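Let's take a friendly walk through this structure, one chain at a time and then the two together. Please have the viewer open as you read.

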Amino acid sequence: MESLFEATVAESDGGPVVVMSGTVNRAAKEALEAAYHEATSEPGRVLLDFSGADYINSTGIAVIVGILAMARAEDRVVAAFGLTDHYREVFNITRLADFMTIYDDETAAVAAR
Amino acid sequence: MVQVMKRRRTEKEPSSATAAPTPESKTRLIEAIPVPPGDPLETLLLSSGGPVGLRDLELESEALASIRGAGVELIVPLIGQGELLGALYLGPRLSDQPYSTDDRRLLGSLASQVAPAMKVAQLVREQQAEAKERERIHQELQVAALIQQTLLPKELPAIPGWHVDAFYRPARAVGGDFYDFIGLDDGRLGVVIGDVTDKGVPAALVMATCRSMLRAAAQRHTSPSAVLADVNEALVPEIPPAMFVTCLYAIIDTEAGELVFANAGHNLPYVRTADGVIELRATGMPLGLMPAMPYDEKSYSMASGEVMVLTSDGITEAHDPDGEMYGFSRLMSRVARKPSNDDMVAAVVRDLEEFTGADVEQEDDITLVVVRRTSSAQDSAETFEDTGRVLDTFTVASEEGNERIAIDRVTAVIVPLGLNSSRLERLKTAVGETVMNAMEHGNDNRPELDVGVEVSATEQSIIVRVTDRGGGRPIPEAMTPDLEAKLAGEQTPRGWGLFLIEQMVDDVRSTREGGAHTIELIMNREGST
């Protein structure tokens, strides 16, 4: 039932991208943090790709808050793309969207660099 | 006031009759004799243009008499920018000769050089003292603000069937306002609003003490009047003289909607009912004034849709530019009107700002606590009777990830009903979070305990009921998460579940039977989103 979470790091013209797939819940913490650290070895913006994230619950939101807290501590800009309309709404309601710019897709995110 | 120093010949060695006189012992330092402002001598010295001999001087002046009595023969005024900064008092010359013209010229020249330096030194000293005082006040305000910010609730309780909101804005001088929410047994909630007389650090310290006393007493007593009486007894010997605390304490039975309250001289709470605004009156003296004070205790049953507004006097006693006070009647009439989005806090604050003018410096702390009953147990019971058509009933074991089973099954049942996709997604998230809460809090994550899910539909709405088996921890009060504090690492990043549930559906209700909780999620079938 539950799709395993995976996070990998890809390079784009807009900077490193943490590509997520599967369920974003508390179990995603370790993998997401590892990918974030890998993607942020250099200074600069980091992109979060939620295209493959099929389910995000409150414990997953807590994990993302943890990532945003790390980024904030090192003054790093975080941007996201690939969220469904619903999760975009959730990110607005929880105000996560106040702390990372959300783009429709990767093209828009890269172009906005 | 002029400070002076004078050297004078001694007639006799004061401490030892056997000691041989030395040149030093012929002189002595005597106490400075001030020339009070406005004394004729001051006028004379200011206009003299140089040293003034006292031997033949005739002037009606008390200061002159004292100075002459001390043996002074010559005064050399120190004048800077038309101001008498000081003076040198000289006794007779050691040679007993009168002061010569040359002596006077020399002394006058010396004075004209000393006076500007004295003026500068005086200004520097004044500025240093002022800067020190400003720094002290600034630091005191910072400490006071820090104490208050640390002790005010970081999050608001989110209780199914209730909406709680609060607002606090300190004045520049930081008054002693405070509010608090105290979780009690059996789903009851203690609500406190108070105001310490005075401002700054003293008020903040009394506020901190009072808050701790209230929290402790609230756990010992089930009656608000007993809590206030207890705190009063404890506070009387501790509080500085001329300080006291006004405070209202209410206990809300969140299941029954019953409110019991006592008031120690604080602004009366207002409740907007279907028939208009009422005041909740209970009498009692402010805390900390006198021992053995009785506190009246009253109760009120809050109906669904009613809203209670608690305020501090920083609101009612705020002034407009013409000096008119905002007052109780204006507050009452604002409370009487249903605000847009049911946001009473924003409505009152906006009304107050329109009254005072937005750019005016706030006179006192402003505190507002709003408690609204969004649905009652009776409503819930009626809903339970009006169950509509049950579409599906199932259980899932309390194992992490099983909320997805519940979501998928609820989705399968609902899709044919034609709920629009946005509302469907919201309901799915609410179902997932509610089932997770039931597993984690209600069933303590014990896999052998299952979570019951029932999906039903009426013509107007879809209702999903999620029931735990009880025995676990009670479902905590949800708080509106403070994202800034979470990002700053001051709070756990968790704590989003109940907040999300409330945001996702049109209504959330809860009931309890035995130890088991049922959370009812209601999603209207027609809606803009």
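## A helix in chain B

How many residues does helix α4 of chain B have, and how far does α4 reach from its first C-alpha to its last? Helix α4(B), residues 200-220, has 21 residues and spans 31 Å, close to the 30 Å expected at 1.5 Å a residue (the expected span is 1.5 Å times one less than the number of residues). This is a predicted model, in which local features need pLDDT of at least 70, side-chain atom pairs count only at pLDDT 80 or more, and totals for chains, interfaces and linings use all residues. Residues are numbered from 1 along each chain as its sequence is written, while chains are lettered from A and ligands numbered from 1 in the order in which they are written. Helices (H or I, at least four residues) and strands (E, at least two) are DSSP runs, numbered from the N terminus.

Buried residues of α4(B) include B:Leu205, B:Val206, B:Met213 and B:Leu214 (buried: 20 or more other C-beta atoms within 10 Å of the residue's own, with C-beta atoms placed from the backbone). Their cover includes α3, β8, β9, α5 and β10 of chain B.

## Chain A

Chain A holds four helices and five strands, in the order β-β-α-β-α-β-α-β-α from the N terminus. Of its 113 residues, 43% are buried.

## Where the chains touch

The contact (C-beta atoms, placed from the backbone, within 7 Å) takes 20 residues from chain A and 19 residues from chain B. On the chain A side, α2 (58-73) and α3 (85-93) each give two or more residues, and α2(A) has the largest share, nine residues.

Terms used:
Buried ≥ 20, exposed ≤ 12 C-beta atoms within 10 Å, placed from the backbone. Contact = placed C-beta atoms within 7 Å.
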